[in-house]
Amino acid sequence: MSIRGPRKGENYELSVDLNSEYRDKRKDAIKRVIASMTVGKDVSGLFPDVLKNMQTDDLEQKKLVYLYLMNYAKTQPELVILAVNTFVKDSDDPNPLVRALAIRTMGCLRAEKIIDYLCDPLQKALRDENPYVRKTAALCVAKLYDLKPELVIENGFLEQLHEMISDSNPMVVANTVAALTDIHISSTSSLPSTSSPDPSNPAPDTISPAVFNITPAILNKLLVALNECSEWGRVAVLNALARYRAADDKESEHICERVVPQFQHVNGSVVLAAVKVVMIHLRNVHREELIKSLIRKMAPPLVTLLSSPPEVQWVALRNINLLLQKRPELLSSEIRVFFCKYNDPLYVKVEKVDIMVRLGNDRNVDALLSELKEYASEVDVDFVRKSVKAIGQTAVKIEEAAEKCVNVLLELIATRVSYVVQEAIVVMKDIFRKYPSTYEGVIPTLCANLDELDEPEAKASLIWIIGEYANKIDNADDLLTLFVDSFTEESYPVQLQVLTAVVKLFLKSGGEGGGDRGRRAQVVVQRVLQVATRECDSPDVRDRAYIYWRLLSMDPGAAKSVVLSHRPPISIPRTTVAPAVLDELIGEVGSLASAYHKPEETFVGKGRVGADALQQKGVVPPPSAGLEDDLTTRKALQTVAAGQQSENLLDFDDGPSTDTSSGGLGGLSNLTLQQPAAANLLAGTSSNPLDDLVSIFGNVSMEPSQPSANPAGPFGGSGAGMGLGFGGLTPAPAAPAQATQQPQQQQGGQEDLLGLF
């Protein structure tokens, strides 16, 4: 006896209609139930009434009832058992649509109590005379494996699937491949970490019956079925072909030739899957003429994808960007198809600009610059910034076009549009780094826009330019003084650049030997060092100021070699990802991994790449390489031990060292005897990640140093040739001396919380 709700309301009316003696009324009631279920209303209480309407010859009504069952099977698992007899009966129905519908629904119910009843109907369906039923049953095996893998293996469903690869119907073959691939991924993902790095070829001792190894015989069957499948089927078959490891270059060439016709398919997913297969098997092809031919055939279908809707365009552009990193010659003459249209969304325009810069060369640079200059006058600020940055990247990439790019940037600066000017100055900094002492004539134009800068990156870039060319800018000290006046109000990147630029100005001015300019530079550098060490709250800025201070006081020559050292010119990297990751992403073309330009492990599953996964991919060395790491650690500690005997940059006491211990291994032994952290690190028993730092600065005194009474150099050190009388300039103490000097007997009970010193 079923328990019903109160005899009123919508559900009660539906219940009455579902039990009506009129067929049309019952069917209409089922439609209303499905409508209520679709909008989120709870109609699970009508489960018994809907179940009564399963046994019917009306296919539409049967589909509606099955849809209801799939939705509420989890909440009513006991009542689902009542539907088993009807499912079994429908699996023997003369109508193949009914047979397939019954098998599909039983596979989608995901209720454990009904799984055992699914095996017999599924066995019959896999051998059904109708291909529609067979292709539906093939996918049902994959669903059953997801629920209960051992049941699939015990009943021999996997062997039947392997036999179905030889089916005469291509759609059956495609669905079988899709099912086997799904099962293969599930089984290999659960293998222990000791398995082979290549999931398609696992180690012999971990081979599972569920692993789908593609043999040459299976390969030929897949190639035959490829041209006859639907779009979904072709993608499944192409993904399987991408997993296949060819025995030799002849086999790779054969696969590429058979897959090339898929480039003409109207579906973009099929095109990208075909491109992926060809790109993977091109690794084994050695005939240059064939490689060039295949790459030439790949270009038109990729260009055709750009006539798709914006969302599809973006996916295509992301994949094209990835392909160009692997094969730069792929679209070398097709730059014009990537020019932006007025109605392109911003996300499409940004990707197109990236690809345009990647395709730029000395033959098409004039058209590229003309287009980028046009983009820089758009109203979208983000797109304008991207365009200006692209002009700078073009200048760095193509040396012959650098002067043209600089002229375009000067024209943009002349517009006096704030965000254009600031982005142009940032870009000019990169051009100066690539071509030093080449475009110094534009520096006055850049300095004239100093008052318009309000973004930290633009300020830092201009300050770097002023410091780098301080000896060629007459009023460099005045310009830098403006930033020194507001030093504490600036952002940290600007503070760091001001600090370095002022030190460069001082070193390039020549000290007292530089006359009035040198004396002005002395005042500025003294002021900025005092402000940075006493008033700045950024440890990075303070530490850099202390290091500059120490360098200038001890050895101005060393300061010059460090601060004014030669910097190698910058260049645009050919790839945006590591080569190992790029090869992996090429194998994922057409998936989310290729759209994100990240391995799937970074956004699927745990959300980050594990160390074992990286070792399997060869990105990081395995644990067996630990011996080399230990040697590296020892060498680093020896270097530090030797260096500590000569000078500790954090020890501001100018007195001579009284330590007579030797360097090299002797210094290392003394260091390890004095510091348990270093000994633990070398012994491999350290659990504190800070031990390597403690071992370096273990003897550092945290007490402030006292100024030297008789400074021998311009900063109280022994420097010569730059005497500026900085004897009274001493680093600011972090705290009063009496507060930091504790009696020795009190220190024993008040250890440092981190155990550092």
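Analyst: A residue is called buried when its relative accessible area is under 20%, exposed when that area is over 50%, and partly exposed in between. Please keep in mind throughout that this is a predicted model.

User: Is Asp477 buried or exposed?

Analyst: The relative accessibility of Asp477 comes to 3%. Because the cut-off for a buried residue is under 20%, Asp477 counts as buried.

User: Which residue meets the side chain of Asp477 in a salt bridge?

Analyst: The N to O distance in this salt bridge is 2.3 Å. Asp477 belongs to helix α27 (residues 476-485) and its partner to helix α29 (residues 515-534), so the pair ties together parts that are 43 residues apart in sequence. The partner, at 33% relative accessibility, counts as partly exposed, and the residue in question is Arg520.

User: How many residues apart are Asp583 and Lys326, which form a salt bridge?

Analyst: The closest N and O atoms of Asp583 and Lys326 are 2.7 Å apart, and the two residues count as partly exposed, with relative accessibilities of 29% for Asp583 and 31% for Lys326. Asp583 sits in helix α32 (residues 579-586) and Lys326 in helix α19 (residues 310-326), so that this pair links distant parts of the chain, 257 residues apart.

User: Which residue forms a salt bridge with Arg416?

Analyst: Arg416, partly exposed at 47% relative accessibility, lies in the loop between α23 (402-413) and α24 (418-434). Its partner lies in the loop between α25 (443-447) and α26 (456-468), so the pair ties together parts that are 36 residues apart in sequence. With a relative accessibility of 23% the partner is partly exposed, and the closest N and O atoms of the pair are 2.6 Å apart, which identifies a salt bridge between Arg416 and Glu452.

User: Which residues are linked with Lys27 in a network of salt bridges?

Analyst: Lys27 is found in helix α2 and is buried, with a relative accessible area of 17%. Leaving aside residues up to four places away in sequence, Lys27 touches Asp58, Glu60 and Gln61, and its C-alpha atom is separated by 6.2 Å from that of Gln61, 34 residues apart along the chain. The network of salt bridges links Lys27 with Lys31, Asp58 and Glu60.

User: How many salt bridges does a search of the whole structure find?

Analyst: Side chains of opposite charge can pair when their charged atoms come close. The search of the whole structure gives a total of 28 salt bridges.

User: At roughly what angle do the axes of helix α1 and helix α2 cross?

Analyst: Helix α1 (residues 10-18) passes helix α2 (residues 23-38) in a left-handed crossing. The contact involves Glu10, Leu14, Asp17 and Leu18 of α1, together with Lys25, Arg26, Ala29, Ile30, Arg32, Val33 and Ser36 of α2, and these residues divide into 5 nonpolar, 1 polar and 5 charged. The axes come within 8 Å and cross at roughly 145°.

User: How many disulfides does a search of the whole structure find?

Analyst: A disulfide is a covalent bond between the sulfur atoms of two cysteines. Cys256 is buried, with a relative accessible area of 1%, and Cys340 is also buried, at 14% relative accessibility. For the whole structure, the number of disulfides found is 0.

Conventions
Residues are numbered from 1 along each chain as its sequence is written. This is a predicted model: local features need pLDDT of at least 70, side-chain atom pairs count only at pLDDT 80 or more; totals for chains, interfaces and linings use all residues. Side-chain values use heavy atoms; hydrogens and water are left out. A disulfide is a pair of cysteine sulfur atoms within 2.5 Å. Buried means under 20% relative accessible area, exposed over 50%, partly exposed in between (1.4 Å probe, protein chains only). Axes are lines fitted to C-alpha atoms, for helices over the stretch in contact, and angles run from 0 to 180 degrees between N-to-C directions. Helices (H or I, at least four residues) and strands (E, at least two) are DSSP runs, numbered from the N terminus. A crossing is left-handed if the near helix is turned anticlockwise from the far one by less than a right angle, and right-handed if clockwise. Contact means heavy atoms within 4.5 Å. Ala, Val, Leu, Ile, Met, Phe, Trp, Tyr, Cys and Pro count as nonpolar, Asp, Glu, Lys and Arg as charged, and the others, Gly among them, as polar. A salt bridge is a side-chain nitrogen of Lys or Arg within 4 Å of a carboxyl oxygen of Asp or Glu.
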